[in-house]
Amino acid sequence: MESSDIMKAIECIIFVSDQPVSVDKLQQVFTELERSDIRKHLKEMIEEWAALDRGILLEEVAGGFQFRTDPAYGEYVTNYNKKIKKFRLSRAALEVLAIIAYKQPVTRVEVESIRGVDSSGVINALLERRILEIKGRKEVIGRPFLYGTTTEFLEVFGLKSLKDLPTLKEIDEISKNLEPGISDLSEQLSEQ
Amino acid sequence: MNEINQAAGSMDVREPCLIKLQLFEGPLDLLLHLIKKNEVDIYDIPIAVITEQYIEYLELMKDMNLQVVGEYLVIAAELSLIKSRMLLPKPVVEQEEEDPRAELVRRLIEYQRYKDAATGLSDRDILGRDVFKRDFDSTAYEVEEEVELVPVDLWALIETFREFYQRRSHLWAEDIVFEVEGVTVEEKIADVMEILKEKRALKFEELFDDCNSKFDLVITFLALLELARTENVLVAQESPDSPILISYSGENSLGIL
């Protein structure tokens, strides 16, 4: 199979898929190819699509590859189809997601202690929407659920993997501003 | 005060007040707002001033018949404790005493970090909001339980209302108890929508032009909050100092009332 044929075939598979297509899945189709070969083809395809400068982009998200619209034209998509209710996340939902994304696996109580406010409603809504999932139970009294983010979370936020999350503002950066009076705070913080 | 309590009481019977403190992001959010508003250093919080303002807010929420949930009271108690500790003379002990504010500051900073991270997430190109994939099911992207965002920060809106409320307070006598005229939040919402449909947009103050009692004022504000939440109106301003504008944005999802 010619290299250009392989790329066109991969393109077809990604086009018809409603989920990001992983290298593993593609390898099940192109059994004669090594994963590294598939990766190389995908990289080339991404570059080609970008070079074409079209409204559709080929992107790596959530451990796979997906065609997505260019964000510059999102407004036209929603104007075209009025039925699309824009996906909105409340500030509460975003806060909960941020905490869980960075600290996972984490219990509800741990989330609430950071936010200082009950978060069960928001967590349930995000579970229902499958942006969050239960990862297990914490072996403490009451064995509370541990929550974490899903592949869908990565897809929604256009992240390749959790490693793709920007780093939180470094603790050192915060603590160097501390007043001398509460400098022992920095120790407490770095212990965590 | 009587008038409000009575009004609030009768409102409870007819319709449970829809607006709970869930609308707000919590006591830490309020504290960060006060710190920012007063332009003070988070590492050197003037506890007395901040505590006083914090409690003022809780009072206002009570006046508005908002349910002041326990979490807010816990922080209020914590603030008072810190305040009293700061007043105590330092014990003459060798070991270094921790600043009574340290634990609270630690919590505020940690919360701020995640607030920033949340903003970072929101700034990304979100699937179903900014970017789209093929064959998406639009209904799958709705998160129930959500609170809609408005361009004007909620606290700023409440702040404006609080100032406005105080400015107007001379207009009525405290001790006169009126019969409740039976205006419900629902009816008020309909009124506001009627006005907005005609005029398309109003200044925040104009919304309260016909209000001649505390009860009216509070009901109108609750109606505004509800309409903002359901996105029937847009609450926006050009810059933090410019007047708050309320504009009509469509007749959607009124059904949830």
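Predicted model: local features only at pLDDT ≥ 70, side-chain atom pairs only at ≥ 80, totals over all residues.
**Confidence, helices and a hairpin**

Two stretches of chain B call for attention. Residues 1-22 have a pLDDT below 50, yet this stretch makes 38 contacts in the model beyond near neighbours in sequence. Residues 138-150 also have a pLDDT below 50, with 33 contacts counted in that way. The average for chain B is 75, and 70% of its residues score at least 70. For the complex, the predictor gives an ipTM of 0.79 and a pTM of 0.63.

Stay in chain B and turn to helix α8, residues 214-229. Its length can be checked. At 1.5 Å a residue, the 16 residues of α8(B) should span 22 Å. The end C-alpha atoms lie 23 Å apart, which agrees. Burial comes next. Of the 16 residues in α8(B), 15 are buried, so the helix is largely enclosed by the rest of the structure.

B:Glu226 sits in this helix. It counts as buried because 23 other C-beta atoms lie within 10 Å, and the cut-off is 20 or more. B:Glu186 is 40 residues away from B:Glu226 in sequence, but the two C-alpha atoms are 9.5 Å apart in space. After α8(B) comes B:Glu231, with a positive phi near 65°.

Now move to chain A and helix α6, residues 108-115. Here A:Val111, A:Ile114 and A:Arg115 are buried. Viewed down the axis of α6(A), the buried residues fall within an arc of 95°, so they line one face of the helix.

What covers the buried residues of α6(A)? The cover includes α5 (91-103) of chain A. It also includes two helices of chain B, α2 (27-37) and α5 (102-123). Just past α6(A), A:Gly116 adopts a positive phi of about 70°.

Chain A also holds a strand pair. Strand β1 (residues 56-61) and strand β2 (residues 64-69) run antiparallel, joined by six bridges. A:Ile56 has A:Thr69 of β2(A) as its bridge partner. The two strands form a hairpin, with two residues between them. In the turn, A:Ala62 has a positive phi of about 45°.

Notes. Residues numbered from 1 in each chain as written. Chains lettered and ligands numbered in written order. Helix = DSSP H or I, 4+ residues; strand = E, 2+ residues; numbered from the N terminus. Buried ≥ 20, exposed ≤ 12 C-beta atoms within 10 Å, placed from the backbone. Arc of directions from axis to C-beta. Contact = placed C-beta atoms within 7 Å. Pairing = 2+ DSSP bridges. Expected span 1.5 Å × (residues − 1). pLDDT = per-residue confidence, 0-100.
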